[in-house]
Amino acid sequence: MLVGETRPVLNFQPFYYRHEGNYSCRVANSAGDALSNIAVLQAAVVPVGYDPLTVISRSGQLTQRATDKIALVIGNRDYMRLPLDESPLVHTCNDAKTLASILRKPEMGFKVISLMNLTWDEMNQALNIFYSLLGEGVYGVVYFAGHGFEEGGQNYLVPVDSVGDWVPDHAVCAQKILDEMNRYRTELIVFLLDICRKRSNVNTGYTFKSYQFPPTAQAVLGFATCPQSEAYELRQDPNGMYMKHLLKHVMNDTKVEDVLHQVAGDVEAEVNLNQWIGRQRPQYHTTTTKSYSLCDPIVPDKYSDERRKSWLDIHKLPAKRVIKCESDIKIEIRFEHQNWLSNAIVLCLRVIDLGEATFCDASLMLETLPQDVQSLYFHHTTTNVLRQVVQHTGVVPRSLPPQHGGPSQMPVEKISEIYNIQRLKNPLALTITIKYVLKGSHEERTKHTVEVFNFKEFGIATAFHKD
């Protein structure tokens, strides 16, 4: 709630990341009240030294066009069990959310699938969904932030359900992903590995298979650090070291390799000034023979509409519902994607009609949610448990009398965060608690109602569990 804000224009001086979110304006008079459409406010990443008055022309070398742009962004943070010599991660999920928000910008034009905390099966399923959207002329970008290791010249991404020693058998090989992307005749392949590159100290046997960097591909493989080194994150920063500097340059309309070169220089400069950080020097390997930019324009082909429909289907959510309760109370239920993530949503409950009541509050009973959509894998020093966030809209029932002696005034909208929607395999039953006070009474009444949603109403669940 923004107290006293009645101006037609809302200014934030200064603007911080905590101001990001969904905003709406409430208008009320004696006849009733209404909320405006929701406006999404997001911070823009402005490169250091950027001058908006300086017009920088696009390099004449950049002449490529994409038929489409698809990105898969994964952040793994909450690991079920870590080896004794590994530390818990802090910023990887936020790194994924931040990059996803940037790639979705009109200047970039990517259709983004952004996911966090995936198991081995889920990582492979997410990759298959991603591959299905690739094709001739398409730019494909993969970003992974999480635990990783290097073995025999191959780089491995560790899923959150990995237990025991980290071995190639229980991880996802980055070079195999490159090979698969190339099979789909992807025009440009960019793979950014925000992981450590140390060898895994294992005492158990494992199967090793080597995948060569596809020599015919137009591909760029970016590393957050050099071989046998770690990738760092500072707890006081909102992002990891590599992402912190990538955000300054990723929107530059210049060659992909130039972007990564600038990032490497910035990371190394910061590392050299910090005595507590060991060696971290980002690297990249490229086989491109043309000049590609992530900001290259899109010229749709005959498959573009089909890809767009498939991408929208992945992000489909149930339609808004209005439930009519006892005493003509009406409550609106709607779903929205949370913070640019494809597998995290928010459930919004809003009292839209008091009916015969003078007060009403609706909330979701979190403990009744199925375990499938709760985080099953988390390290004890991190938190990704299901939680409820109350959105203080400042709106209270207009008919609530000043002398009301019942419960304290409460907001009419509550937001509950629900994670891991891709794990839904059965109908989602939501138990909603409704507390209300009828006209002429001071007694608070409580009622429970159950709303059921078919898991196929959630596009990401359908995509992960196709027959």
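Me: What makes the span of helix α1, residues 92–103, agree with its number of residues?
Reply: Take the 12 residues at 1.5 Å a residue, and α1 should span 16 Å. In this predicted model, the end C-alpha atoms of α1 are 17 Å apart, which agrees with that expectation.

Me: Is α1 largely enclosed or largely open, and how do you know?
Reply: Largely enclosed by the rest of the structure, because 10 of its 12 residues are buried. Buried means under 20% relative accessible area. The buried ones are T92, C93, D95, A96, T98, L99, A100, S101, I102 and L103.

Me: What covers those buried residues of α1?
Reply: The cover includes strands β5 (68–75), β6 (111–116), β7 (138–145) and β11 (188–194), along with helix α4.

Me: Why is N239 called buried?
Reply: Its relative accessibility is 7%, and the cut-off for buried is under 20%, so N239 counts as buried. As for where that is, N239 sits in the loop between β12 (219–223) and α4 (241–249).

Me: Which residues does N239 touch, leaving out those up to four places away in sequence?
Reply: H91, N94, D95, T98, K244 and L247.

Me: What makes the N239 and D95 pair a polar contact?
Reply: Their side chains are joined at 2.8 Å, and a polar contact needs N or O atoms within 3.5 Å, one able to donate a hydrogen and the other to accept it.

Me: What makes β5 and β6 a pair?
Reply: Pairing takes at least two bridges, and 6 bridges join β5 to β6, so the two strands pair. They run parallel, and M116 in β6 is the bridge partner of G75.

Me: Where does N420 lie, and what is its phi?
Reply: N420 is in the loop between β19 (413–419) and β20 (428–438). Its phi is near 55°, again a positive value in a residue other than glycine. N420 is buried too, because its relative accessible area is 2% against a cut-off of under 20%.

Me: How confident is the predictor in the protein chain?
Reply: The mean pLDDT is 82, and 79% of the residues reach 70 or more. Over residues 47–56, though, pLDDT is below 50, and this stretch has 3 contacts beyond near neighbours in sequence. Residues 375–411 are also below 50, with 102 such contacts in the model. Where pLDDT is low, the predicted coordinates should not be read in detail.

Me: What about the protein chain as a whole: how many helices and strands are there, and what percentage is buried?
Reply: There are 7 helices and 21 strands, and 51% of the 467 residues count as buried. The chain exposes about 22,800 Å², with carbon and sulfur atoms supplying 50% of that area.

Technical notes. Residues numbered from 1 in each chain as written. Predicted model: local features only at pLDDT ≥ 70, side-chain atom pairs only at ≥ 80, totals over all residues. Heavy atoms only, no water. Helix = DSSP H or I, 4+ residues; strand = E, 2+ residues; numbered from the N terminus. Buried < 20%, exposed > 50% of the residue type's maximum accessible area, 1.4 Å probe, protein only. Areas by Shrake-Rupley, 256 points an atom, 1.4 Å probe, with all protein chains shown as cover. Contact = heavy atoms within 4.5 Å. Expected span 1.5 Å × (residues − 1). pLDDT = per-residue confidence, 0-100.
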